[in-house]
Amino acid sequence: MMKMKHLAALCGFILLDLVVFTAARPQTGSEQKCKSGPVDLVFLIDSSRSVRPHEFETMRKFMIDILDTLDIGPNATRVGVVQYSSQVRSEFSLKTHSKLEAMVKNINQIVPLAQGTMTGLAIKYVMDLAFTAEEGDRPKVPNVAVIVTDGRPQDRVAEVAAEAREKGIEIYAVGVARADMASLRAMASPPFEDHVFLVESFDLIHQFGLQFQDKLCGVDLCLESDHGCDHMCESSPGSYHCLCLPGFTLNDDGKTCAAVDLCAEGKHNCEQVCISSPGSFTCDCNRGYKLNDDKRTCSMIDYCSFGNHSCDHECVSVLNGYHCRCNHGYRLQDDGKTCRAIDLCTEGKHDCEQICVSSPGVFTCDCNDGYTLNEDKKTCTPIDLCTEGKHDCEQICISAPGVFTCDCNKGFKLNKDKKTCTNMDLCKTVEHGCEHQCVSTPGSYYCVCPDSQPLQEDGKSCGACKSANIDLVLLIDGSKSVRPQNFELVKQFVNQVVDSLDVSAHGTRVGLVQYSSRVRTEFPLNMYHSAEEIKAAVMKVDYMEKGTMTGLALKHMLEYSFSEAEGARPANRHIPRIGLVFTDGRSQDDITEYAKQAKEAGITMYAVGVGKAVEDELREIASEPVEKHFHYTTDFMAISNIAENLKLNVCPEESQGEIEVKDPCACESLVEFQQATMSSLEQLTHKLAAMTARLEQLENQLLSRK
């Protein structure tokens, strides 16, 4: 606030006299404090890194000793303390403490900033904030600032100090040791001999005011008597008289003063606040604003410029304060200062199909290996190297996302280079011994007989028994591990089996059940009466794609599939009942009980496994002898070989009703898989070894001929 220079200088002078006198001459318990009158005093303490810890402790004691001499109170002397280095920090304001004990405790808790020496910034802070009504400054009470520093300011002080003095702030500059006298004089109020003090060390800091002690506490009638002057008392030898401050007139009573309020009379040009002084006025601003150089208009205070905001990214000054703001892509934390990057990928705020790549506040999409990003920059398409012709397979290219593998056509095998193929038509290169026909398979072969003749146990010769009529139910695995492309191979396998049967209403009947986590009858035994109808229905079957509940499928077959309601012919007709289970993995439920019940019910059970099928489960499902009723292959591509080798030759013990069996045979079992080279696993091993040796011999002969 603007104070009249005369009043500020007088009161500041009296205050410093009191401070120095009491600091130089400590009081005893019986002494009384000198009464200096109301004053608002702010200490600016240099806490730069050049001030050593013991020196700062001396400054701390210096302030406490001065406070001990003052008449502290809300209506007497008010004190604030501000420390500064590269930034400014108010330790307590004029309104914070009303008692000496609280001030001393607060001073003892001050922690030095230990940075640079921005003295001009500190003076500006005191001028704009410390001496305001919001911080406890009182109108018509002198403002006094005592600056204690040991160094040269790192910023400009002359202009801001002049502005502070213009506002009526009495400035005392106390320099210690390394302080620059020119800088002290630029800060202090005139006359410099009364306001500038330079001492050699911190230990001598109290000595700068000894010259004022006699003036302060000298005896005169104005100080000793109750003079009753409204403003000022002027002593003369043995007498005194009252004076008024400029702008006031002494009333007829010789003691009180009357003032002219130019603000109340509207005789001012202040933009926001007019502060009346007797016979004059000054302009001020509302909270959050500072007075411009024209001393009339106001601008908002830039709190960020004080350097103590601690914002992580950006400081934004607002009315009466500031707030922190983060750069784009970052979010302000609860502490109101630090910023954290916004991760849209982690927060799930994206629409990438496969991979989300995060940057602060934004994201981009990417794809897994083997996939390419589409034009929408979100979805991914598998890279099909086979379709694009980017492979070197001789015969068959099998594509997976971004990669491929080579394979060969039927009758060929893949060479060690994993690219080229070798013809494996063994029927043309070995002594196969087949009585009727030899059929080559990759690396092997098998014998077949005419439709009316079954293949004998030796796997080569043909018998004279015809295919009889059966009720056949196939249970196929539709779990998700099969995969859609392999499920199509399974359906082809079923149709190969159907091709080998004499299907008719009065002949062989076929039913199909698919299972996964549940069981579904695709068609019962009595629905179709020709092989073509059955094959067409098989190809329309939809893939279920869930779990593997084989036990539940066996239960369904027992309770429904071989019931007369679904087309199974009565048991007294002795029509053989055949169950064929196809699976690619371990069952998720127990199969033991229903596999046992199926065989006890007279159903001849066959088990065909592929891939991850469990051999022990297949054997548990299969009828005796197990080796003839259980088959396994590692690759879905090979199941067609099983279907080609499968012949259902049935010779029932007796036939009744409409069923007429021609040329019955004395078969040991009702149904028998006739599979070349698979009469038993042991025989198959020996034959494969012999065939491999023969093939190597033939290859060597061909090479020698070249």
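**Salt bridges, cores and a helix pair**

Guide: In this predicted model, a network of salt bridges links Arg-331, Glu-347 and Lys-349.

Visitor: How many salt bridges are found in the whole structure?

Guide: The search finds 22 salt bridges. One of them joins the side chains of Lys-378 and Asp-351, at 2.6 Å from N to O.

Visitor: Where do Lys-378 and Asp-351 lie in the chain?

Guide: Lys-378 is in the loop between strands E21 and E22, and Asp-351 is in the loop between strands E18 and E19. The pair is 27 residues apart and links distant parts of the chain.

Visitor: And Lys-124 and Asp-128, how far apart are they in helix H4?

Guide: They are 4 residues apart, which means about one helical turn separates them. Their side chains meet in a salt bridge of 3.3 Å, N to O.

Visitor: Is Asp-128 buried or exposed?

Guide: Asp-128 is buried, with a relative accessible area of 7%, whereas Lys-124 is partly exposed at 22%.

Visitor: Changing topic: which residues touch the most other members of the largest nonpolar core?

Guide: Val-42, Leu-44 and Ile-123 do, in a core of 32 residues. Helix H4 gives the largest share of this core, 8 residues.

Visitor: Last one: at what angle do helices H2 and H3 cross?

Guide: Their axes cross at roughly 175° and come within 10 Å. The two helices are therefore roughly antiparallel. The residues of their contact divide into 7 nonpolar, 1 polar and 2 charged.

Notes:
Residues numbered from 1 in each chain as written. Predicted model: local features only at pLDDT ≥ 70, side-chain atom pairs only at ≥ 80, totals over all residues. Heavy atoms only, no water. Axes fitted to C-alpha atoms, helices over the stretch in contact; angles between N-to-C directions. Parallel < 35°, antiparallel > 145°, perpendicular 65-115°, else oblique. Nonpolar A, V, L, I, M, F, W, Y, C, P; charged D, E, K, R; others polar. Core = buried A, V, L, I, M, F, W, Y, C linked by side-chain atoms within 4.5 Å. Buried < 20%, exposed > 50% of the residue type's maximum accessible area, 1.4 Å probe, protein only. Salt bridge = Lys/Arg side-chain N within 4 Å of Asp/Glu carboxyl O.
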